[in-house]
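Hello,

Here is the structure I said I would pass on. Please open it first, then read my notes below.

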Amino acid sequence: MKIIIIGGVAAGMSAASKIRRVDPDAKVTVYEKGGFLSYGACGLPYYVGDYNDDYRKMIARSRETFTKMGIETFLRHEVQSVDVERKEVLVKNLENGQEFTDSYDKLMIAVGASAVVPPFPGKELMGVHVLKSMEDGIFLKEYAKMPEVQNIVIVGGGYIGVECAEAFLNLGKNVRMLEAAPRILMPFDEQIAALAHEELVKSGVLLNTGEKVEGFYGDGLYVKGVKTDKGTYDADLVIVAVGVRPCTEFLKNTGITMGKNGGLIVDQEMRTSIPDVYAAGDCILVYNEVLEEDSFLALGTVANKCGRIAGANLAGGHEAFIGALGSAAIKVCGLELGRTGMGEGDAIRLTKDYKTLVIQANDHPAYYPDPTPITIKLIYEKGTKRLLGAQTCGQKGAVLRADVFAVAIHCRMTTAELGMTDLIYAPPFSGVWDAIQIACNAAK
């Protein structure tokens, strides 16, 4: 059996590795548009910000390792189109421009998502960039080293934008963030996002919300500034971080069913609507078990799980993806934020009969040195008190507590049940009633 995988980063190489373990005789060929395989793209802001001095640390497995496993990989090769009737792909070698076709018995699509760059005037200027690929990270790390690059403007206040803000602060740069929405970090509710906003400002970020970018201007070659609906700002480097979109345009004539954003629709076994064609990673919609609907969740955790499941099923298995909760975390300078399950906006949209609660409790008792506060927001059903969502924020211990809420939501636990769960207690780590339990027991 011959399996072609389009995309060789998270989901694609997870699938390839799983196929090789399950079916040593399968011929596995991977076509990757970029120049690197199997790397942790979530580490890119920290590489750019000099928290990590070697990009190779982000590579989970080398190309040589995959070759030894019997997996054939082609870098800088872009699949241009797929003929699902003939079971063929048209591939372009980006190094020399040559095109050729290859055939498959089964196909996996793991092309991920690309950074959205709106048609801003001046977006072609040198110094207007995105941070999505390893190549982006390597370029930006070197570009930021130039002494004349001092004023950084980040367009977008989502995960990548906030992480980039911290990265460039760490490099000693002047950082401004422009967000068109009324607040940053929209996956978090307002009470939690406000804490992140305050932390960024305290750390030195000039943060403008409710301000729309209209374009970039420069000297004809390099960017020199950003124009918005409220003013202009000097910029030696602009990072556009306004979101991502599935890279599925080349599949529109295949008949594969897609969502509104171009994300491929798959079942729980990662099968698309076309026989023998599977998909995983940031190019698909996945089942959200608390929302009970398909969601676009461009998260490394989801991509790797779905890639592994797709690989097992490409090799003849029938493993099923149980669903995701949108669990995610971010470090914002001296704070950490975690979230899982529904946000309050989700509860409103789905017309849930719900209640919310926001509490603050210390990560450990005052009789052990340096206690710090953790803010917790719960969203739960009004009658049953079943947990629907949780968000956490604090200097330490906040994110891993969000993991406990993720397990509770997955198991359909109530606040009363989690409030009496036997959690660990020792003064260096927690009070006799953990912050999790304090929040749950306050839910009325």
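Between domain 1 and domain 2, about 390 Å² of area is buried. Carbon and sulfur atoms give 64% of that area. By class, the side of domain 1 that touches domain 2 has 2 nonpolar, 2 polar and 1 charged residues. Bear in mind that this is a predicted model, and that the values here are computed from it.

What holds for charged pairs across this interface? The rule finds 0 salt bridges between domain 1 and domain 2. For polar contacts, the count between these two domains is 2 residue pairs, with both residues at pLDDT 80 or more.

To place these domains on the chain: domain 1 is made of three stretches, 2-40, 60-112 and 247-315. Domain 2 covers 115-243, and domain 3 covers 336-442. The contact between domain 1 and domain 2 takes 5 residues from domain 1 and 5 residues from domain 2. The centres of domain 1 and domain 2, taken over C-alpha atoms, are 31 Å apart.

Now the chain as a whole. How many helices and strands are there in the protein chain? There are 11 helices and 26 strands. Along its principal axes, the C-alpha trace spans about 65 × 55 × 40 Å. The radius of gyration of the protein chain is 23 Å, which agrees with a compact globule, because a globule of 444 residues would have a value near 22 Å.

Regards

Notes:
Residues numbered from 1 in each chain as written. Predicted model: local features only at pLDDT ≥ 70, side-chain atom pairs only at ≥ 80, totals over all residues. Heavy atoms only, no water. Domains from an automatic or database assignment. Contact = heavy atoms within 4.5 Å. Buried area = accessible area lost by both parts, 1.4 Å probe. Salt bridge = Lys/Arg side-chain N within 4 Å of Asp/Glu carboxyl O. Polar contact = N/O pair within 3.5 Å; in protein donor to acceptor, adjacent residues only side chain to side chain. Nonpolar A, V, L, I, M, F, W, Y, C, P; charged D, E, K, R; others polar. Helix = DSSP H or I, 4+ residues; strand = E, 2+ residues; numbered from the N terminus. Rg over C-alpha atoms; globule rule 2.2 N^0.38 Å.
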